[in-house]
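Please look through the model below before reading on.

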Amino acid sequence: MNIKDIAQIANVGVSTVSRVLNGHPDVKDETRAKVLEVIKKNNYIPNNSARVLKQTNTRNIGILVKGVFNPFFSEILKTVSTGVEEAGYTMILQHHNNENDIDTLLGFIKEKKLQGVICLGGNFLDLTDEVLVGVNTAIVLVSVDSVTRKNLKSCSSISINNQQASYMAVNYLINNGHHEIGLMLGEVADFGIGKERYEGYKKALADHQIPFNEKYVLYGDYECKGAYDKTIEFLKKEKQITAIFAISDIMAVGVAKATANLGYTIGKDISIMGFDGMDFATYYEPSIATIKQPKQDMGLRSVDLLLKLLSGKAENAHIFLDVKLVEGGSCQSI
């Protein structure tokens, strides 16, 4: 369907439909509701790329980062900022810790009059194409939960298959003889990436007929200290544990410090697996085995896709990138 079809079904002019799509205030509430209802019933998705070209060219590209400090996002941000500046756009950076990532995104777009926006992290499980009706901004979600991207046509994404990557990590530990494996998650309320990595952990156990134990699941708040404190408490109770999988390298460092302080020899008495592929994991002693995400490629691909959306050279797309398991001295066979 196109905008003319929507106008005909709603019995209004094409210009009225256009004003509704673009969020203009000079439309009666009753008419706006009628047009939106027709759009919803007919699953009409506006061509976001074409609409972006028509809007006022502010030359502003926003970068919305979940969390005040996240070393993984910091590395992606270096590549993104370089690409945005080289393309001649003004980059507006905003960090946030708000619970509602969708409202934060929409408010950011409106306040800064953004032509495009790249989101690093966040929970967009409830994002729908209907929510983005009238949003004249190219949106690329980076490192977010894959659930949000199954059917969305009004935005793009660059990420990995988190469940599959987590499965790879746990499967590696199991193949090295570990059956009593702890899982260090970030936050209890993480229903996005954290949940997918949790499901990958459970699936790997199930495929090897290893019973899942809820007591083996910890939450370190994506911090070294949080992971350290929880590991100390955990290992004093669960002395049978032979390995711990942390879903971020920064938490893996906290786990490693805790195990060492408790007198364990890392890699021999207990194995540790991280996630992200951060440089500091390589230079820790012993080096921490990890799932390496293609950070630089994520940054490059997100900027390239955003610029193509802005120039009308591409349609929205959802791209998965491969990960790599990097072995380290923190993991050994038993």
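**Cores, sheets and cysteines**

The largest nonpolar core holds 70 residues, and I118, L120 and F245 touch the most other members. A nonpolar core is here a set of buried Ala, Val, Leu, Ile, Met, Phe, Trp, Tyr and Cys residues joined through side-chain atoms within 4.5 Å; buried means under 20% relative accessible area, exposed over 50% and partly exposed in between, with a 1.4 Å probe and protein chains only. Leaving aside residues up to four places away in sequence, L120 touches I63, L64, V65, K66, F73, I76, L77 and V142, where contact means heavy atoms within 4.5 Å. Another core, of 18 residues, lies apart from the largest one, and L114, C119, I139 and L141 are among its members.

The model is predicted, so local features need pLDDT of at least 70 and side-chain atom pairs count only at pLDDT 80 or more, while totals for chains, interfaces and linings use all residues. Residues are numbered from 1 along each chain as its sequence is written, and side-chain values use heavy atoms, with hydrogens and water left out.

Helices (H or I, at least four residues) and strands (E, at least two) are DSSP runs numbered from the N terminus, and two strands pair if DSSP finds at least two bridges between them. Axes are lines fitted to C-alpha atoms, for helices over the stretch in contact, and angles run from 0 to 180 degrees between N-to-C directions.

Within this sheet, strand 1 (residues 60–66) pairs with strand 3 (residues 116–120) in the parallel sense over 5 bridges. I61 stands opposite G116, and L64 stands opposite C119. Strand 1, helix 5 (residues 71–86) and strand 2 make a right-handed β-α-β unit: with the strands pointing away from the viewer, the path from the first strand over the helix to the second runs clockwise.

The cysteines come next. The whole structure contains 0 disulfides, a disulfide being a pair of cysteine sulfur atoms within 2.5 Å. The sulfur of C155 is 8.7 Å from the closest cysteine sulfur, in C119, which is too far for a bond. C119 counts as buried because its relative accessibility is 0%, and C155 counts as buried at 0% as well.

A second open sheet has 6 strands in the order 7-6-8-9-10-12, and its pairing is mixed. Strand 7 (217–219) and strand 12 (324–326) stand at its edges, each with a single partner strand. Neighbouring strands are turned by 20° against each other on average, direction ignored. Strand 9 (residues 271–276) and strand 10 (residues 289–292) pair in the parallel sense over 4 bridges, with K292 as the bridge partner of D276. Helix 8 (residues 193–207) lies across strand 6 (181–185), strand 7 and strand 9, at about 170° to strand 6.
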